[in-house]
Amino acid sequence: MHISEGVLSPPVLITGWGLTLIGLTIALKKLSHRKISEVAVLSSAFFIASLIHVPIGPSAAHLVLNGMVGILLGWNSFVAIFLGLLLQALFFQFGGFTTLGINTFNMAFPGVISYYLLKRFIRGENQKLSFISGFLAGFLSMLGAGFFTALSLYLTEKKFLILCETLIIAHIPIAVVEGLVTGFIVVYLLKIKPEVFKNEG
């Protein structure tokens, strides 16, 4: 999922930074003191989950938890994922600093979409509906991240088309796993800390 340094064209990199700065600006305006601890915890979860990855050309596939982060944080997922990616670039050279903007957008934006589409269906009184909503958040956010990563590569160079197709296909089974993990986490959180789903993101 991380796109490495030296792969993308300058226009794609600049667009990625522009979109991420917009996302971060909206997120920071919405970020309350009460929400900072949640952002820190979910940034840590994202950091750990995405450390284990399988290389696919100039990118890689791995658990992201961007659906989980998106459902809980909304726009603040831009902050959590940006910090996680920044630390991974600093300590492990995953992704890079020039690609930090586009990598953040590719993983955070699908989570924000999931927040607005699915969070309303996550309710303590209906665990089945909550699990399905969590599954869809994880599944669609992972596929969305794969799609935006593939689109970034395709907009850089048309010869990446086959790689883009491979990237999206490779993310389908990972998206299923991500959906199941997110669904179970949602149901578990509804049992032990349901108030986390009442916060506005």
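User: Is F147 buried, partly exposed or exposed?

Analyst: In this predicted model, the relative accessible area of F147 is 44%. Buried means under 20% and exposed means over 50%, with partly exposed in between.

User: Which helix supplies the largest share of the nonpolar surface patch?

Analyst: The patch covers about 490 Å² and is made by F147, L151, Y154, L155, L161 and I168. Two helices, α6 (127–156) and α7 (161–192), each supply at least two of the patch residues. F147 itself lies in helix α6, and the largest share, four residues, comes from α6.

User: Is S133 buried or exposed?

Analyst: S133 is found in helix α6, and, leaving aside residues up to four places away in sequence, S133 touches L118, F121 and I122. Its relative accessible area is 2%, and a value under 20% counts as buried. S133 is therefore buried.

User: How many residues of the contact of α3 with α7 are nonpolar?

Analyst: The axes of helix α3 (residues 66–73) and α7 come within 9 Å and cross at roughly 35°. On the α3 side the contact is made by N66, G67, M68 and L72, and on the α7 side by E178, T182, I185, V186 and L189. These residues include three polar and one charged, and the number of nonpolar ones is five.

Terms used: Residues are numbered from 1 along each chain as its sequence is written. This is a predicted model: local features need pLDDT of at least 70, side-chain atom pairs count only at pLDDT 80 or more; totals for chains, interfaces and linings use all residues. Side-chain values use heavy atoms; hydrogens and water are left out. Patches are made of residues with over 30% relative accessible area and no salt bridge: like charges are joined within 9 Å, nonpolar side chains (Val, Leu, Ile, Met, Phe, Trp, Tyr) within 5 Å. Accessible areas come from the Shrake-Rupley method with a 1.4 Å probe; for residues, only the protein chains shown count as cover. A salt bridge is a side-chain nitrogen of Lys or Arg within 4 Å of a carboxyl oxygen of Asp or Glu. Buried means under 20% relative accessible area, exposed over 50%, partly exposed in between (1.4 Å probe, protein chains only). Contact means heavy atoms within 4.5 Å. Axes are lines fitted to C-alpha atoms, for helices over the stretch in contact, and angles run from 0 to 180 degrees between N-to-C directions. Ala, Val, Leu, Ile, Met, Phe, Trp, Tyr, Cys and Pro count as nonpolar, Asp, Glu, Lys and Arg as charged, and the others, Gly among them, as polar.
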